[in-house]
Amino acid sequence: MASQATRILDEYTWECIVRDIEAIVNTYRRMNKIMSLGLDDRVRLDAIKQMCKDALPRNDNPQRVIIVDLGAGPGDSISVIANVCKQVSYIVAIDPSPRLLKNVASNALCDRVVAVAENIPLRSSSVSGVTAFYAARDFKDLGSAVSEMLRILNKGRITIGDIFLPQETMRSIAVKTWVCLLVPILALLFAPKQWRHYRGLCKSLKGWLSVEQLCKLIESIATHNRYEVKGLMCRKYVLGGLGYVVAEQE
């Protein structure tokens with residue numbers, strides 16, 4: 001594994017996080033807007049536009065532009081990808097939870113696959129893009145997941161958007177206070193039946209990274225696995241507590 005610091009969750013913590021997300025699926029969209037101060041869709045849209053600008057790098061078959069959405073959850077990113085990336089011909093929604101994937105419409109454009117990010121059941125160099133929105137914090141092994149994202153790419157782009165922990169101490173404390181204390185309190189008002197599960201979201205911040213650290217991690221893992229990346233973009237919102245990373249594989 002590359003020398004850049006990564007993040008690994010123990011099995012129990014990871015399973016708790018998945019169960020908590022499954023329990024809040026009915027209020028997922030509403031509470032995501034509250035957690036992100038209304039910027040969740042903005043981050044997703046901006047990041048996908050960056051991924052698809054200048055047309056996605058295509059694989060050997062220019063008629064088959066395939067994008068994988070990791071941690072697809074209830075499918076909030078699928079329609080945005082389809083609408084923004086006009087050249088896309090197929091989207092694969094991947095999530096470890098069959099319960100969450102039931103909310104994703106399976107059709108000619110999109111298929112659902114139950115799998116984990118650390119072991120993606122797709123051939124190497126087979127897709128044009130990989131996205132993960134508000135899901136990378138929930139990966140059991142972030143470094144292995146990034147390696148898999150690079151493996152399945154064929155000169156395409158990785159796009160990760162999420163909540164982040166800024167490196168500055170006070171900003172990091174502010175993000176932890178928001179996610180671990182204030183969001184559960186707000187859930188009492190807007191999702192009273194599920195508010196206890198929102199306390200569990202704090203687990204996903206354990207050992208989590210800043211936007212800059214994630215950029216360095218992707219670059220380090222790419223070098224370690226002998227991939228070339230260019231155009232590495234790190235965008236921050238709300239003092240670095242929200243953001244996205246886009247990296248293009250050469």
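**Close-up views of a predicted model**

View 1. With a relative accessible area of 2%, Tyr-244 is buried (under 20% relative accessible area; exposed is over 50%, partly exposed in between; 1.4 Å probe, protein chains only). Tyr-237 is buried as well, at 8%. The model is predicted: local features need pLDDT of at least 70 and side-chain atom pairs pLDDT 80 or more, while totals for chains, interfaces and linings use all residues. Residues are numbered from 1 along each chain as its sequence is written, and side-chain values use heavy atoms, without hydrogens and water.

**View 2. Aromatic pairs.** Two aromatic pairs are found in a search of the whole structure (rings of Phe, Tyr and Trp, the last by its six-membered ring, with centres within 6.5 Å; planes under 30 degrees apart are stacked, over 60 edge-to-face, the rest tilted). The Phe-164 and Trp-208 rings have centres 5.9 Å apart and planes at 15 degrees, so this pair is stacked. Phe-164 lies in the loop between strand 5 (153–163) and helix 7 (169–190), and Trp-208 in the loop between helix 8 (195–199) and helix 9 (211–224), 44 residues apart. Both Phe-164 and Trp-208 are buried. The pair of Tyr-237 and Tyr-244 is tilted, at 6.3 Å centre to centre and 45 degrees between the planes.

**View 3. Surroundings of the pairs.** The protein has nine helices and seven strands (DSSP runs numbered from the N terminus: helices H or I, at least four residues; strands E, at least two). Of its 250 residues, 55% are buried.
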